[in-house]
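Subject: Structure handover

Hello,

Here is the structure for you to look through.

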Amino acid sequence: MIATVEPGRNGPLVAGVDVGGTKISVVVTDDQDSILYEQVTPTDRSSLVSQIAGLVDDARRQLRQDVSAVGVAIPGRVDPEDGSVSMAVNLGIDHLPLGPMLQTLLGIPIFVEHDARAAALWLSKQAAVESAQAPASLAFLAIGTGISAGVVLDGVLLRGDNSSAGEVGHVAADPDGVVCACGLRGCLETIAAGPAIARQADEAMAAGRRSSLAPHSSAADVFRASSAGDEVALEIIDRVADHLARAIRSLALTLGVKRVVIGGGVAAAGPALLQPIQARIALECAASPLVQAALGDATVELLSPTEAPGARGAAAIARHRVGLREREGVGER
Ligand SMILES: [Zn+2]
């Protein structure tokens, strides 16, 4: 999508880039946070930095206007101060000085943020605008190639002293489970991330289970088969929903959030993902007054597939940090 830009009418433009394990989303926004340009393309892990620079250059060319700054949202351990990302296990990144490298290639300020945090910041900003009330508290649970959460509490984005606030993908879910890309065993990611769902289907096939699933089915195939009543797929999705409901319960009990938005590639499964999670939460609420008090009136919802909160959040962070305009309401820390 490319809008017509009239020089001087849209204010300084910023780009937001959301780097995922399978796709990269790019938006360019004006000073009213309107999207002027939007692009989604498969991730090229072998030349990630030059791919991002090329995508921003494409946007500049097609809009025929420069951008003042770029925000990049990326998984892994992100240092927003020096723009580096490390331990992005699902992108094969050990350590990458992403911000400085992009700044050299593009010649404009670059701001790097954790992808789920950028998305959470954007969603909370939207919620604050819509409700016209105090900044919101929410968690954005990203389920794709990996799993992580971004948390905004009372309008403040949480990072923590170890920059690991919200990394729920690597909390223990099954101590006897398979080894995770992070080196630990049985992380939530090894059960409920997209590749893990596909792997469990293959394991069931290899064990001789009868199923309508074809060999090497994707996570989306497994969700479709579960909706159609396939027994193997139903078992896998039940287990996935069970563990995700526990993760949501943990977010509600440890952080106090009452709104959880689920996004990422796996969220495209829609009701086939959301309904079993909500059913599990309802069971937990019925069994425990404690959980009922924490989660009984909570909202657990799916992100609309047309939204790109990671890229929008990255753009908003870039605009905020480059000081292009005063931002109110939602703060960063
Ligand atoms: Zn792990």
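This is a predicted model: local features need pLDDT of at least 70, side-chain atom pairs count only at pLDDT 80 or more; totals for chains, interfaces and linings use all residues.

Residues are numbered from 1 along each chain as its sequence is written, and side-chain values use heavy atoms, with hydrogens and water left out.

Strand β9

Helices (H or I, at least four residues) and strands (E, at least two) are DSSP runs, numbered from the N terminus. Strand β9 covers residues 138-143, and six of its six residues are buried, so the rest of the structure largely encloses this strand. Buried means under 20% relative accessible area, exposed means over 50%, and partly exposed is in between (1.4 Å probe, protein chains only).

In a regular strand the side chains alternate between the two faces of the sheet. In β9, Leu138, Phe140 and Ala142 point one way, Ala139, Leu141 and Ile143 point the other way, and all are buried.

Which strands pair with β9? Two strands pair if DSSP finds at least two bridges between them. Strand β10 (residues 147-153) runs antiparallel to β9 and is joined to it by six bridges. Leu138 has Val152 of β10 opposite it, and three residues lie between the two strands of this hairpin. Strand β12 (residues 259-263) pairs with β9 in the parallel sense, over four bridges. There, Leu141 has Ile262 as its bridge partner.

Asp230

Asp230 sits in the loop between α6 (219-227) and α7 (231-255). Lys and Arg count as positive and Asp and Glu as negative; His and the chain ends are not counted. A salt bridge is a side-chain nitrogen of Lys or Arg within 4 Å of a carboxyl oxygen of Asp or Glu. Asp230 is buried but has no salt bridge, and the nearest side chain of opposite charge, that of Arg209, is 7.2 Å away.

What does the side chain of Asp230 reach instead? It makes a polar contact of 3.1 Å with the side chain of Ser211, and it reaches the backbone nitrogen of Val232 at 3.2 Å. (A polar contact is a pair of N or O atoms within 3.5 Å; within protein, one must be able to donate a hydrogen and the other to accept it, and residues adjacent in sequence count only if both atoms are side-chain atoms.) Neighbours within four places in sequence aside, Asp230 is in contact (heavy atoms within 4.5 Å) with Ser211, Ser212, Leu213 and Ala225.

Positive phi

Arg64 is not a glycine, yet its phi is positive, near 55°. Arg64 lies in the loop between α1 (48-63) and β4 (69-74) and is exposed, with a relative accessible area of 79%. Asp154, also not a glycine, has a positive phi of about 50°. Asp154 is in the loop between β10 and β11 (156-157) and is exposed at 62%.

Ala196

Ala196 belongs to helix α5 (residues 194-206) and is buried, at 5% relative accessibility. Its C-alpha atom is 9.9 Å from that of Gly144, which is 52 residues away along the chain.

Cysteines

How many disulfides are there? With a disulfide taken as a pair of cysteine sulfur atoms within 2.5 Å, the count is zero. Cys182 is partly exposed, at 34% relative accessibility, and Cys285 is buried, at 11%.

Regards
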